[in-house]
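The following note sets out some points for a colleague who is examining this model. It is arranged as numbered paragraphs, to be read beside the structure.

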Amino acid sequence: MIQQAARDFAQQELLPGVIERDEEQRFPAEAVRKMGELGFMGMMVDPKYGGSGMDTLSYVIVMEELSKIDASASVVVSVNNSLVCWGLETFGTEEQKQKYLTRLATGEIIGAFCLSEPEAGSDATSQKTTAIDKGDHYLLNGTKNWITNGGTADVYLVMAQTDADKGHKGINALIVEKGMPGFEIGPKENKLGIRGSDTHSLQFNDVKVPKENRIGEDGFGFKFAMKTLAGGRIGIAAQALGIAAGAYELSLKYSKERKAFGKEISRHQAIAFKLADMHTRIEAARHLVYKSAWDKDQGNNYDLSGAMAKLYASEVAMWASVEAVQIHGGNGYVKEYHVERLMRDAKITQIYEGTSEIQKIVISRSVLSN
Ligand code: CAA
């Protein structure tokens with residue numbers, strides 16, 4: 001039922017205009033508002049905070065369906081659900097939940113997660129943004145980069161260094177509101193893919209953030225980011241799965257319609273074998289994604305299964321979308337057939353919420369520690 005609801009929504013609300021939004025780098029604001037009404041913006045949040053109270057498996061099913069059609073819209077869903085809502089619900093105070101989570105979970109407002117910096121992407125412990133303890137508030141200074149929902153969010157979870165001598169144990173996670181004096185939104189990035197999503201740099205110049213906006217104990221910020229990202233990787237794995245499955249479904253349909261050398265191209269083994277490989281690898285990716293979601297729902301550790309799901313599903317997304325363009329031939333190279341966009345969108349799934357190399361660090365450390 002959930003899958004069908006997401007599929008119908010994607011067909012009716014995301015498909016119209018998806019090419020234009022990509023071309024014009026236009027944020028899918030109306031679709032995001034409607035996804036809030038459908039309960040997609042706070043899927044796993046307790047209903048007492050305005051969420052849908054569903055499990056992670058339901059969430060990845062929705063992510064896959066949305067991503068088949070529009071990965072720019074699905075990344076908004078992923079960041080809001082996995083990083084912002086989950087982080088606040090799991091580690092926030094009751095006051096923070098009442099003030100922020102209740103509106104984030106319904107989609108009334110959206111959130112952003114701000115860890116990356118010009119010189120701290122993969123090397124996330126090297127935070128240069130500072131949050132100096134001034135008694136009742138922190139004084140926040142620095143720059144964040146590549147922030148999804150950067151211009152459209154109202155609530156920003158910002159990681160910053162309070163005590164450099166303590167290294168990653170001196171980092172705090174702070175809730176920053178749009179409009180706080182000294183908080184400026186930088187230029188929008190002109191991206192290869194997910195062009196409808198809104199990616200900005202952010203600048204903090206002596207922003208006074210009240211102490212009650214800190215998430216967790218003093219120095220919990222890096223652990224907060226790592227624990228939150230571990231779940232975020234499941235959402236992005238599902239996004240990658242959706243891009244791959246979307247490319248495959250378009251290819252299957254096209255190959256049954258397009259004729260060459262006197263028959264449908266699906267009846268040429270060169271194409272049929274590509275479809276067989278795509279179907280197999282996508283199904284394998286789906287099993288990894290579902291397994292990581294199941295681990296999270298069961299209360300198992302999901303660092304390893306989430307990293308494996310993201311690593312593999314993003315590789316499949318990239319590979320399958322290139323195959324889809326090849327199957328479509330010249331038509332695959334133009335916008336009307338959608339697969340060139342899916343190919344461009346696929347690339348980001350190997351980069352954000354930890355590059356493929358970061359996933360291999362997480363996986364190999366886990367394997368070697370046993
Ligand atoms: N859960 C809990 N704690 C964790 C953890 C996890 N999954 N992973 C690491 N930690 C803890 C460690 O236990 C350690 O704490 P202690 O010292 O108390 O033991 C601390 O964090 C530091 O860990 P490491 O020593 O392992 O740190 P490291 O420097 O070797 O880095 C890393 C580890 C995995 C490479 C990490 O830096 C990392 O994940 N980097 C990638 C960051 C990333 O994913 N950025 C994406 C940006 S957000 C984004 O893209 C969102 C968007 O807009 C779409």
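1. Helices and strands are named here as DSSP runs, numbered from the N terminus, a helix having at least four residues and a strand at least two. On that basis Gln25 is placed in the loop that joins α2 and α3. The model is a predicted one, and the remarks below should be read accordingly.

2. As a rule, most residues other than glycine have a negative phi.

3. Trp146 belongs to strand β3, which spans residues 137-148. With a relative accessible area of 46%, the residue is partly exposed.

4. Glu24 is part of helix α2. It is partly exposed, because its relative accessible area of 48% falls between the limits of 20% for buried and 50% for exposed. Although 172 residues separate Glu24 from Gly196 in sequence, the two C-alpha atoms are 7.6 Å apart in space.

5. Which residues of helix α1 are buried? In this helix, residues 2-14, they are Ala6, Phe9, Ala10 and Leu14. Viewed down the axis of α1, these buried residues fall within an arc of 100°, so they line one face of the helix. Their packing partners are α2 (18-24), α3 (29-38), α4 (56-69) and α5.

6. Turning to the ligand, there are 23 residues around it, of which Ser122, Thr148, Arg233, Glu353 and Arg365 come nearest. By class, the shell comprises 9 nonpolar, 7 polar and 7 charged residues.

7. For Arg365, an N or O atom of the side chain is 2.5 Å from a ligand oxygen. A polar side-chain atom of Arg233 is 2.9 Å from an oxygen atom of the ligand, and for Lys169 the corresponding distance is 3.5 Å. On its own the ligand has 1,100 Å² of accessible area, and the protein covers 75% of this.

8. Which elements give two or more residues to the shell around the ligand? They are α5 (71-91), α7 (221-257) and α11 (356-369). Helix α7 gives the most, with 6 residues.

Technical notes:
Residues numbered from 1 in each chain as written. Predicted model: local features only at pLDDT ≥ 70, side-chain atom pairs only at ≥ 80, totals over all residues. Heavy atoms only, no water. Near = heavy atom within 4 Å. Polar contact = N/O pair within 3.5 Å; in protein donor to acceptor, adjacent residues only side chain to side chain. Areas by Shrake-Rupley, 256 points an atom, 1.4 Å probe, with all protein chains shown as cover. Nonpolar A, V, L, I, M, F, W, Y, C, P; charged D, E, K, R; others polar. Buried < 20%, exposed > 50% of the residue type's maximum accessible area, 1.4 Å probe, protein only. Arc of directions from axis to C-beta. Contact = heavy atoms within 4.5 Å.
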